[in-house]
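Open the model in your viewer and keep the selection panel at hand. The stops below go one selection at a time.

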Amino acid sequence: MDHLADVSNLRSSQSQTQISHLALDIGGSLIKLVYFCRYDDSCRDDGDELRSQNDSLCSKSDNSQPVLEGRLHFAKFETSKINDCLDFLRSMKLWLGVNSGSHDGTAPPSDKIFMKATGGGAYKFADLFKEKLGVSLDKEDEMECLVTGANFLLKAVHQEAFTYLDGQKEFVQIDPNDLYPYLLVNIGSGVSMIKVDGDGKFERVSGTSLGGGTFWGLGRLLTKCKNFDELLELSHQGNNRIVDMLVGDIYGGTDYAKIGLSSTTIASSFGKAISDSKELEDYQPEDVSRSLLRMISNNIGQISYLNALRFGLKRIFFAGFFIRGHAYTMDTISVAVNFWSKGEAKAMFLRHEGFLGALGAFMSYEKQCLDGLMVHKMQQKFPISASSAGDNIYCSLNSNSDENGSIECTVYGT
Amino acid sequence: MAGLNGDPILGIDDKIDDLQYNNNDNSNEAIDKEGLLGLGEDCSSYNKNNQGGEKDMAGNPIHRSGSRPQLDLSKAEIQGNSEERDPTILLPNQSDDISHLALDIGGSLIKLVYFSRHEDQSVEDKRKRTVKEKLGITNGNRRSYPVLGGRLHFVKFETSKLNECLDFISSKQLHCGSIGSHSWNSEAPANENAVIKATGGGAYKFADLFKERLGVSIEKEDEMDCLVAGANFLLKAIRHEAFTHMEGHKEFVQIDHNDLFPYLLVNVGSGVSIIKVDGDGKFQRVSGTNVGGGTYWGLGRLLTKCNSFDELLELSQRGDNRTIDMLVGDIYGGMDYSKIGLSASTIASSFGKAISDKKELEDYRPEDISLSLLRMISYNIGQISYLNALRFGLKRIFFGGFFIRGHAYTMDTISFAVQFWSKGEAQAMFLRHEGFLGALGAFMSYQKHGLDDLMVHHLVERFPMGAPYTGGRIHGPPLGDLNEKISWMEKFVQKGTEITAPVPMAPPGTTGLGGFEVPSSRGATLRPDASALNIGVLHLVPTLEVFPLLANPKMYEPNTIDLSDHKELEYWFTVLSEHLPDLVDKAVASEGGTDDAKRRGDAFARAFSAHLARLMEEPAAYGKLGLANLLELREECLREFQFHDAYRSIKQRENEASLAVLPDLLLELDHMDEEARLLTLIEGVLAANIFDWGSRACVDLYHKGTIIEIYRMSRNKMQRPWRVDDFDLFKERMLGSDGKKPKPHKRALLFVDNSGADVVLGMLPLARELLRRGTEVVLVANSLPALNDVTAMELPDIVAEAAKHCDILRRAAEAGGLLVDAMTNTVDGSKGNSSSVPLMVVENGCGSPCIDLRQVSSDLAAAAKCADLVILEGMGRSLHTNFNALFKCEALKLAMVKNQRLAEKLIQGKIYDCVCRYEPAPAS
């Protein structure tokens, strides 16, 4: 996934590309951006491979219509540093692409520049965007965007989903025809659990307030870490046994086998911190971070599993910025799901986990805004190595003015 | 319930009503009071004059007069019944005084459950049994009870003060009875190696210490086993155990013990265990979470520097979680996310605002942090519990464990979570004894304790003096005798700061006793334990049974007045507290007015005021509160300070006066025809139930006229139709119509009320009429004194005296074994010679002005078996309780309403209206 550092690279490398179609997901902690950069035709070197042999419609349009090719870029900012984001947008003129008029000549007048956005911040910061950038935020429903984004990724992107257990990452082949129903767990500041039954068919069935915001919020208070990633990094070196009360601590080092609890099972998160003899300063931030991470991951895994069970869902996909590909987080969630389901259910993760909402918002353009443009069919091609978790999704944007115009997304790994 | 002089409630009611009529003229109040209670004062002085004699005769009131020499044996029989002195305690089959103890030693608290038998078990008990057998009522009906009668006590100590706990055990010798006591475990070797059952982590940790200090071994019981056993026992055996708690409102839930399983038990300790319980000993730990009480306290300590769990919990009372939690509104710019049903105030992310760069830990208020933590953890527990209940299709979720400890906000939060996630379909329930599940379970694990067989009607919960102050937690050394108790109380009152319950106020100008300020509204700021439930002492009374003639015991609710209506509550609390000084005077006088009695009276007033204050603040603190409970609490409180019969001399005086005029009344009645006589008898019951509490005029009359004149006058004032008047129906049942004579009743149970005119001139003549018709009559009276109510112990003497002048009563009393010579007859085997149906007396098993028919004596239950008529007399038993009770047989409810408020509420009438409600037997 991209880190903020990537932005500078983007800036230089994209100066000559045309940027269009930017969408935002402004969450409580992070702002996620998805934007499309046009490439010139030289990038279509392996264009033949892109064409779907199964979809006659697409192959036909490929031949007859101009194709905009480029990359879908992903970027994020901390919501508290929204000005950085605004500066970035201003300097990159990313938003200009939205009404660049290159598609069909019916672009809205410049005083009505708008941008798709989702997340709570789309409401909260609407005025700010108007004032600072002169852009109106076109608000898309958060859940819809999440689901749209997830559906897109799961259907269109090869090797998007994977399991992670005991440090082993394993990609899962998802049959797009047998995708639904599934449980989508989006771990942002808080956690939403959504039962997805199809495109646009979903229900938020549960959630929990113990999410990424809790990890980072409590973590900040307890460790003085300066940012989320630093806190996450700390947890790598920590030992939760210092802080957590384990079953073995209660039962004199033995398992409570009768009810299937091993001595290393956490009986009470932070339960050892009740000791009179130690204060906050006496604990290593690493250990605290580790305990916190386990507490929250474990809890999310458990509640998710219980909800999957409730609706008889086979698949649970975890996404959201909290995970951000962090191995131990994924491991803990997987262990929780595995433990509570007695091995029957598996946690799955998405490579583009943090950008579901932004992607979904991006996808919403085609419905109404770029008139004549809509996703007709997502075509998957997996021409290159699937191994790496690419920072960017390369796309070709096939724009045309005819009534059946479509966006053909072809996905490359990098 | 009403009595000639004694009934304080009614007296005060009347006073209040009088005051209203007098435009609240305060100067009249004193006069009114004097007028009303004039007799009482007479009696007090009478008592003082007879102090010496009274002392000797304590507990033996009727005998004292010395004018009834023939009563000796009869009295001995009753007196010998120690069950009547404290019927909630004693059991026939035990002779050893033993104690049992079980412990749950947790990380922060040690919970003790111990059992004690009452000491004065004696041979008298056997004598009573013999007598009862002769009586024939209960012959063959007496079951053998496998369970010990006694008391279960619940106490807790902080684990850090383990030594106090050890001292307590040692001083009460609780560790000595544990094993080798033949009553409990006859197979146990009688060796020195005593064993105490214990559970909880500390059972391991402190085993050596127990061995060293007390010489006992700790036998460890599985924690889950204990939790489940404890919960099952509580849910099956205690009526008001489970309750819901929503938005500060607590409501007890009636659990049908036949429909208890399966349920989900969520024990919130350091961690959380979620247990599916399918039956006794059948359970499975289906889930749990590591985010529990330890997390709250652990994280809370790190974040707030609080020194104790309770301190942290208290902080949360004043917190505002919005400064730390990220709410939906924070994300959505103050708007709801209504599309998915999330309001702006829903917590989106616990501690989510703490990610702000601008603030460090020191910049947040500890109060806010504590509240955020509490909400985070409570919500999470509620959610995971609900999801598990859903998974197994369980209807009920019970929450227990030290994390909850009766904390209102914690319970509210958990309830909210369950409600929220279940969309109102599931409700969180809590247990009053939640902290004691493990200890109780450990106690249950003793073999052959017989507790498993206990039913809900076998248990009576009482709240001793300390309850309002400590809520069951022991502070300091154990209290030995009453003297220590009183000292403790006095010390407590002096050191007002230590008192957790409101200190009873002493308004200027009173004796300092019983002044009690009724809070006009509930305080805005609750103490953290304000909603903590008090846990009383559980009295195990295996002789109690459900009254067999109740038509629908499951639906039966004794209380007519629901005290959950706060206005009603305030009214009764005012009545009770205003009457308190007078009651104390009477009580002190009944004990000879000595300094010791005064000191006890003072302590009683303090203790009872504290109970009232506690209940005013938290009406559900002792379980569901009805008027009957409140009135019984007062009687129990009197007994606790060894005022066994505050109205003793008043009762006796009234009995004597009434008995003196009874022959005249009987003569008058015998001159009437059957129809006129029946009306006169019912009028007489109603009149006798009222006149002593009538208007000033009646009291004046009392001073001038004779008791029979007053009685007749009062009777003559009875203008039919009464406010509730089923007399014609009853008459038809008794006398028939169109010349057809209906079959007389086989057996009538007459629940009598007051001593004096009420029983002598009202109920006895009615009993006589029934006897004359060939109906067996059982007079049902209190086991223990309550106000001036006549007791089962006193009745035989009264009947014997009445029988002197009435052949019908004499022969019936003989047949019923109430008279000495009758006893001799039956012993001689000449019982069959008696031509009369019997007149009998049974105790009802309670010591309250009201009666809860779910818990009556086994004697009464046995006597009820062939009864086809129940007559309830007096306000306490037929209006305050049982007004709406339905019976399997015919029922007659007779009372005079001597309370304006009750009259309006119950019968849309006014004070002094009469109720004669006749209910035929339901068609079956």
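Buried here means under 20% relative accessible area, computed with a 1.4 Å probe on protein chains only. The model is a predicted one.

**Stop one: a helix in chain A.** Select residues 212-223 of chain A, helix α8. At 1.5 Å a residue, its 12 residues should span 16 Å. The end C-alpha atoms are 16 Å apart, which agrees.

Now colour by accessibility. Of the 12 residues of α8(A), 12 are buried, so the helix is largely enclosed by the rest of the structure. The buried set runs through A:G212, A:G213, A:T214, A:F215, A:W216, A:G217, A:L218, A:G219, A:R220, A:L221, A:L222 and A:T223.

What covers them? From chain A, the cover includes β8 (182-187), α9 (228-236) and α11 (285-310). From chain B, it includes α12 (293-304), β12 (347-349) and α15 (366-391).

Step just past the helix to A:K224. This residue takes a positive phi of about 65 degrees.

**Stop two: rings.** Over all chains, the structure holds 34 aromatic pairs. Select B:F261 and B:Y263, a stacked pair with 5.9 Å centre to centre and 20 degrees between the planes. B:F261 is partly exposed, at 26% relative accessible area. B:Y263 is buried, at 0%.

Back in chain A, select A:F162, A:F171, A:F318 and A:F349. Ring pairs link these four residues into a cluster.

**Stop three: charges over rings.** In chain B, B:K250 lies over the face of B:F243, 5.6 Å from the ring centre. Then go to B:R600. Its charged end sits over the ring of B:F643, 4.9 Å from the centre.

Technical notes: Residues numbered from 1 in each chain as written. Chains lettered and ligands numbered in written order. Predicted model: local features only at pLDDT ≥ 70, side-chain atom pairs only at ≥ 80, totals over all residues. Heavy atoms only, no water. Helix = DSSP H or I, 4+ residues; strand = E, 2+ residues; numbered from the N terminus. Expected span 1.5 Å × (residues − 1). Buried < 20%, exposed > 50% of the residue type's maximum accessible area, 1.4 Å probe, protein only. Contact = heavy atoms within 4.5 Å. Phe/Tyr/Trp six-rings, centres within 6.5 Å; stacked < 30°, edge-to-face > 60°. Lys NZ or Arg CZ within 6 Å of the ring centre and 35° of its normal.
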